[in-house]
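Subject: Structure handover

Hello,

Here is the structure you asked about. Please open it beside this note; my findings follow below.

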Amino acid sequence: MRNPLLPITAAFAAGIWTAPYFYLSAPEQLFFMGLILLGAALLLRWERYSYGLALSLGGFVLCGTFLAAEEHSFLPPQHIESLARRGVFHPEQPSQAVGWARTSSVLRPGGEYFDLELTEVRQAGRVLLTKGQIRLYRFANPNSVPPPKIAYGTRLALSLRDLRRPRNFLTPGFFDYEAYLRRRGIYFTGLVRNISEVEVLPGQGGSRWRGALDGFRVQLLSHLDLLYPAPQSSSNRRPILKAMLLGDDNWLSPETELAFQESGAYHVLVVSGLHVGALAVGLFWLFSALRLSHWLTMLLVAVAVIAFAVLAGSGIPVMRAALMVLIYLAARFLYRERVLPNSIAAAALALLVLHPSDLRDSSFQLSFLAVLVLAAIAIPIVQWTLSPFRLALRDLENKELDMHLKPKQTQFRQDIRILLDFLFPPVSLDRQPRSRRRWLLAKTISGLLALTEAIVFTLFMQLGFALVMAAYFHRVAWSGILANLVVLSLTSVLIPLGFLVLLASLLWWPLAKAGAWALGILVFWLYSAVDWSAQLHGLNLRVPTPPLWVSVCFLATLFLLALAIERRSRWTWAAVAVLFSLAIVLTLSPYSARLPQGKLEVTTLDVGQGDSLFIAFPNGSTMLVDGGGAIPVSPDVPPSLYIGESVVSPALWSRQIQTLDFVVLTHAHWDHLGGLLTVLQNFRVRELWIGPSPRPENLQRLLDLAASRSVRVVRQQSGNRREIDGVELEVLSPPADWNPRRVSNNDSLVLRLQYGQRRVLLPGDVESRMERRLVENGNSIAGDILKIPHHGSKTSTTPAFLARVAPSFGIISVGAFGRFGHPHAEVLETLRQAGVRTMRTDQDGSVTILTDGRRIELATFREALRSWPPFPLF
């Protein structure tokens, strides 16, 4: 078998993926694996090789299931998560954590963070020997004492008021941040509120070699700061180089990240296989030029790749890429360089055995799918179709070489010579200008063939990215085919040159300054190509989550195409046509939105401290009321998460929604407006509703965006009514004469929906003053379902208002951890005494109400979460 590790790795990965659905204990799984091993051995002895292979692959499926369940279920008894589960350690109570810094302080706008490897925790007079990591954040305070310098291995004791488990937004489609941190060994996060709570202890933790390399990395980052001072860094040279060379992407501006995402070239900002490969190729070329021996060249390249992986921060993508290169070098040393897919499968299998959960990491899928597409499809198809003709142009005038080539190559050489003879007759070849032109035309044809090969490579690379990009990032960027022609070429020069400049900065500063000037020019060209590509909006589209059938067909087509290419089958081009057809499906996304038919749906999305409600009407019309918006810790600290992009849009895309008929902004506070700026860019919106309120800068930005996208703006006020798909919608507030001087909660549009016998009241953030007005004006405000105003603040939900509404169900949209003291205990008690069944997004996640006009159905996201089955040892 040419690539024996490919089916083994695929079977092992299938077992990992299906592990959450297996209800077998550890002994049961081991028993079945033993039976499979015995059966496969007997089949091979009886020379039933096909059946033995199939049974063996079933064993690898079970191995993947077993290791995935074991990784998920078992932690050392002294691990901080184990202690917390058993009630020995209480993370919500004050404690002192003692350990050593697993990472140096990672600076970012507004503060820093670092990971602490615990050795013990002290709580309530007890000392607990502890294992595991926690991530600690500190926000910058210009008035405080400068924090101590924290490097890798620094031993610390920190007083913490509480530790928190990382929390996902409990909304469909949201990135699994909890699992992301668990894969990095982090189960709790904490906040360093005061520098006086941090004590540096004597001694050193961790590896001394790792500490030296980490300190060296910090030194190189500081040299980049000096080579590109802040006033000169407006062109993003410094943050781009920090990201590409040393894996520090904390200083990239949102505009820069968006440009690289829209151009399909974001992979160059993440230190991964591209950077490791560029470094390895550059070193191979350098050592070949120096005429070093084959084994010494591979040894030096391996050492350089390992050092680069550590200097780049030892992130999972770069370590994964380094492992792939090392396995490839080993295969090359053993004269197995022709089976690149097998080397890639070996790297994937090794990583999955060590960390099975990596399979669900989008970067893992993106890396290996793209590399496998290049190795199993792009490279073979170029070698099959284009490369033979380009290679045939070497030494074109040597006719004796024709007899050593394949017939098609020989015919191509003769055709090119006939073309050259026609343009430059042989009788004139003794003239130097004519001979030079003949040579130049031959080289031009060869260059065009090489350019075509590059286009095919980037085309298939984008195809390899397409499914994962659409599924996880909801983006297809076909402009990347053009952008990557320039970006990849520049990157192959920029990475080796960047490290030469960093090396020069350690030896002779004037040389480093000169190199930094040239490096800056390359970065300028790279960003210019990216920015130009990002402007091709017709080739950069946001798309919903592909249905399962599209994903299965896409992966199956890739597999069949690779198989057809390996066998040089005549069905190859049919498979290529199917693959391109599926790429068109991914791009156009001709899917129907998954909406309830004949029912009114009101879903309160979990957007943290803010509001965002999705409404689906009985005949398919859609409405979004507010878009949430993360409130920064301080005005000087940019938000770490953009709710519209990361929470609201994925929730809609997970249901294949691409069009919103109505978008409603209740009032212009950021926790309601912020996400709508992204929603208007990601979806086709027909109408934007706003109420009478002042025009702060953010609202004006929203209106300008609506105008640029031809969205009709409708100004609503009390008394307006509209029927949508049989649902009566009435605006109850604010009144027409409402004219406040500044934005306030009482600006909120209050909407009341009635479908059949059922009514839903959505009062935004109105407070007691406006509630009293609604009670006194005589209009009916009764509702079966009430979205509790202002996140359950004590300024709202007065007893008189609640009595008039008389809801059966109440929904509070509120952020976790009670940063603003919401919901207030008095409000919760008022709701309890009124007999209102209350759901909270911080506890229940997104809450969905369905009604056919008579019956009310209620569901929460937390109820739908699927937990792993138990995995007992006995």
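Phe175, Tyr177 and Tyr180 form one aromatic cluster. Rings of Phe, Tyr and Trp (for Trp, the six-membered ring) pair if their centres lie within 6.5 Å; planes under 30 degrees apart count as stacked, over 60 as edge-to-face and the rest as tilted. This is a predicted model: local features need pLDDT of at least 70, side-chain atom pairs count only at pLDDT 80 or more, and totals for chains, interfaces and linings use all residues. Residues are numbered from 1 along each chain as its sequence is written, and side-chain values use heavy atoms, with hydrogens and water left out.

The whole structure holds 13 aromatic pairs. Take Phe260 and Tyr527: the ring centres are 6.1 Å apart and the planes sit at 45°, so this pair is tilted. Phe260 belongs to helix H8 (residues 254-263) and Tyr527 to helix H18 (residues 509-534), so the pair ties together parts 267 residues apart in sequence. Helices here are DSSP runs (H or I, at least four residues), numbered from the N terminus. Both Phe260 and Tyr527 are buried. Buried means under 20% relative accessible area, exposed over 50%, and partly exposed in between (1.4 Å probe, protein chains only).

Another pair is Phe308 with Phe499. It is edge-to-face, with 5.1 Å between centres and 85° between planes. Phe308 is in helix H10 (residues 294-311) and Phe499 in helix H17, 191 residues apart. Phe308 and Phe499 are buried too.

Helix H17 (residues 480-507) also meets helix H6 (residues 208-227): their axes come within 10 Å and cross at roughly 95°. That makes H6 roughly perpendicular to H17 (65 to 115 degrees; under 35 is roughly parallel, over 145 roughly antiparallel, the rest oblique). Axes are lines fitted to C-alpha atoms over the stretch in contact, and angles run from 0 to 180 degrees between N-to-C directions. H6 brings Phe216, Gln219, Leu220, His223, Leu224 and Leu227; H17 brings Val501, Leu502, Ser505 and Leu506. Contact means heavy atoms within 4.5 Å.

Arg360 lies over the face of Trp17, 4.1 Å from the ring centre. The test is NZ of Lys or CZ of Arg within 6 Å of the ring centre and within 35 degrees of the ring normal.

Last, Gln843. This residue is in helix H28 (residues 841-844). Gln843 is partly exposed, at 42% relative accessible area. Leaving aside neighbours within four places in sequence, Gln843 contacts Leu170 and Arg862.

Best wishes

Methods. Helices (H or I, at least four residues) and strands (E, at least two) are DSSP runs, numbered from the N terminus.
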